[in-house]
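Subject: Structure for you to look at

Dear colleague,

My notes on it come after it.

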Amino acid sequence: MKQIIVACGSGVATSQTVASKLEKLLKENNVKADVEAVDMKSIEQYVKGADAYVSIVNDKKDYGIPVFSGIPFLTGMGQEQELKKIIDFLEG
């Protein structure tokens, strides 16, 4: 099963919100993945074992894995499009 990490810049509250929402949406679409909220300070450690990263901050760093925007899961704007990108990646 693929692993997705979610991180925000200030801690884990926002990333936990996005991770929970993403996990719920993936289940509704019958797509399996482990979604985990992580602390941005520990991102280097977690990204090594992850297949994708959902970012809530505009981080220009290349982690060597696909990066998706977490903002649509907070605002609702563009959520379906970003969810489709993530599902396409997971099923691809």
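This is a predicted model: local features need pLDDT of at least 70, side-chain atom pairs count only at pLDDT 80 or more; totals for chains, interfaces and linings use all residues.

Residues are numbered from 1 along each chain as its sequence is written, and side-chain values use heavy atoms, with hydrogens and water left out.

Helices (H or I, at least four residues) and strands (E, at least two) are DSSP runs, numbered from the N terminus. Four strands form an open sheet in the order S2-S1-S3-S4, with parallel pairing, where two strands pair if DSSP finds at least two bridges between them. The edge strands, each pairing on one side only, are S2 (34–39) and S4.

Strand S1 is joined to S2 by six bridges and to S3 by four. In S2, Val35 is the bridge partner of Ile4, whereas in S3 the partner of Val6 is Val54 and that of Ala7 is Ser55. Six of the six residues of S1 are buried, so this strand is largely enclosed by the rest of the structure; buried means under 20% relative accessible area, exposed over 50%, and partly exposed in between (1.4 Å probe, protein chains only). Gln3, Ile5 and Ala7 point one way from S1, while Ile4, Val6 and Cys8 point the other way.

Helix H4 (residues 79–91) has 13 residues and reaches 18 Å from its first C-alpha to its last, close to the 18 Å expected at 1.5 Å a residue, the expected span being 1.5 Å times one less than the number of residues. Its buried residues are Gln79, Glu82, Leu83, Ile86, Ile87 and Leu90. They cover an arc of only 140° around the axis, which puts them on the same side of H4; the arc is that of the directions from the helix axis to the C-beta atoms. These buried residues pack against several elements, including strand S1 (3–8), helix H1 (13–28) and helix H3 (71–75), where contact means heavy atoms within 4.5 Å.

Gln79 counts as buried because its relative accessibility is 11%. Its side chain makes a polar contact with the side chain of Lys21 (3.0 Å), a polar contact being a pair of N or O atoms within 3.5 Å; within protein, one must be able to donate a hydrogen and the other to accept it, and residues adjacent in sequence count only if both atoms are side-chain atoms.

With best wishes
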